[in-house]
Amino acid sequence: MTLSTPFTRFQKTLGTVVQQLKLSKAEMKMLQEPQHIHRSNISIKNDHGKKVTFPAFRVQFNNARGPYKGGIRFHPAADEEEVKALAALMAIKTAVVDIPFGGSKGGIQCDPKKFSRRELQEVSRAYARTFKEHLGADLDCPAPDVNTTPDIMAWMRDEYEKQTHTYAPAMITGKPLAYGGMLGRDLATARGGFFVLEEMILRDALDPKELRVAIQGFGNAGANMALFLHRAGYMVVAVSDSQGGIYSAEGIDPFRIQKYKQRTGSVIGEYCKGSVCDIKKMKLDHVRRVTNQELLELPCDILIPAALDNAITGKNASNVQAKYVLELANGPVSPEADKIFAKRGIQVIPDVLANAGGVVVSYFEWSQGRSGRLWTLDQSKADLKRIMLEAFTEVRREARRTNATYREAAFAVGIKRIVEAMKVRGWV
Ligand code: NAD
């Protein structure tokens, strides 16, 4: 039995779709493996003067449609297999939303929560120095991902400019507004996912006010999504972060939860310290504590995994009660879970469409950096909406035409565009 890794899971989905598309051997080969894998060990001196080293990667999957594009993740699990899978998803994603990029991803295998701010800056600068020859606005443009922030993007741009003696505002996106950032980038992933979900609900003739939502992960993507949905009248019944979650059948106010989280560091912090909970307060607010596993199986209409990959697998997919799953995280539903959902009629709006808002607004930022022309927030929101809805319409049409799941349809739309570009460039 082959070990299941994020990359083998990607290849499994790819395999199903390429069979249906009847691609040539040469076309398939180019879609199965990355074009380049750059590896290095990054060393810095920690605050105690000791040399510490971390494995680092930049995987460039495919650039048939334009420069490579993809975030950088700082995480203990960010190994080569994970970064490869994320790079492959980026290539499909940029093609699904039809922006002129390929796909790549970067990672440093480290626990950034253990770094001081100085150490974080050192590690970030070291990454830009190490991979500088492979990066650039016309070559490969990084962005934030899990545990990487606008500050980190600023340090990387600054280091890159110093090393290459250039002015390079378009070499990286997700920067702070004070240093070439884009209005609306911080909320873009959640906003893009919200536009797609709203359209789905509208076309399926459902009333948001009657829909209950559970969200796993209360970070940039998940928390902002909770706020958008709450404002639009959906009932958010559960949220969680790495320390666990809360559920209320009567609905919870994500604005309040966000304040709790800012104050206590976790969404349950207002009610529980460690395993000891203030039951009286919980009763008063009609909430109960749930684990991250339980959250996925709660009674709700829409489930939004917005934290980890492989959260829903063959083991728990049968217990999911939602009718829709919107993948704000990358790769949260395994191929086995996909099969179970398809059998049970549960619609999965896949990551390559649902969370593409971030890279779409990154495209605006890249184009702002190249042209020097500043965008307004209204322009950024309106163009994001147009692009997300066009992509949704295309994917839905393909799903209906071929009787496929949304994931298969999205992969088909993306792969056809990549193959077309490879053909016109004479690669295949
Ligand atoms: P983040 O670091 O801001 O937030 C992650 C959240 O998940 C945190 O609240 C954390 O506490 C929580 N979490 C961690 N482990 C958990 C667990 N075991 N169970 C439940 N929650 C847990 O990260 P983010 O930027 O919101 O990214 C989340 C996911 O969305 C990732 O898969 C990322 O690749 C994907 N994504 C993010 C963006 C973006 O622009 N932020 C774009 C595309 C995809």
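Visitor: How far from an oxygen atom of the ligand does a backbone N or O atom of Leu 328 lie?
Guide: The model is predicted: local features need pLDDT of at least 70, side-chain atom pairs count only at pLDDT 80 or more, and totals for chains, interfaces and linings use all residues. Residues are numbered from 1 along each chain as its sequence is written, and side-chain values use heavy atoms, with hydrogens and water left out. A polar contact is a pair of N or O atoms within 3.5 Å; within protein, one must be able to donate a hydrogen and the other to accept it, and residues adjacent in sequence count only if both atoms are side-chain atoms. For the backbone atom of Leu 328 and the ligand oxygen, the distance is 3.3 Å.

Visitor: What is the distance from an oxygen atom of the ligand to an N or O atom in the side chain of Thr 189?
Guide: Thr 189 is among the residues that come nearest to the ligand, together with Asn 220, Ala 221, Asn 292 and Asn 330, out of 23 around it; near means that a heavy atom of the residue lies within 4 Å. A polar backbone atom of Gly 219 is 3.2 Å from a ligand oxygen. For the side chain of Thr 189, the distance is 2.6 Å.

Visitor: Between which parts of the protein does the ligand lie, and why?
Guide: Domain bounds come from an automatic or database domain assignment. Both parts give residues to the shell around the ligand, so the ligand lies between domain 1 (34-181) and domain 2 (182-428).

Visitor: How many residues of domain 2 are in contact with domain 1?
Guide: The centres of the two domains, taken over C-alpha atoms, are separated by 24 Å. Contact means heavy atoms within 4.5 Å. On the side of domain 1, 39 residues take part, and on the side of domain 2 the number is 35.

Visitor: Is Thr 148 buried or exposed?
Guide: Thr 148 is placed in the loop between strand E5 (140-144) and helix H5 (150-164); helices (H or I, at least four residues) and strands (E, at least two) are DSSP runs, numbered from the N terminus. A polar atom of its side chain lies 2.6 Å from the backbone nitrogen of Asp 145. Not counting residues up to four places away in sequence, Thr 148 touches Ile 72, Arg 73, Phe 74 and Met 153. Since buried means under 20% relative accessible area, exposed over 50% and partly exposed in between (1.4 Å probe, protein chains only), Thr 148 at 7% counts as buried.

Visitor: What is the phi of Asn 147?
Guide: Asn 147 is in the loop between E5 and H5 and, at 31% relative accessibility, counts as partly exposed. Most residues other than glycine have a negative phi. In Asn 147 phi is positive, near 70°.

Visitor: Which residues does Leu 227 touch, not counting those up to four places away in sequence?
Guide: Leu 227 is found in helix H7 and is buried, with a relative accessible area of 8%. Its C-alpha atom is 8.5 Å from that of Asp 253, 26 residues apart along the chain. The residues touched are Pro 254, Phe 255 and Gln 258.
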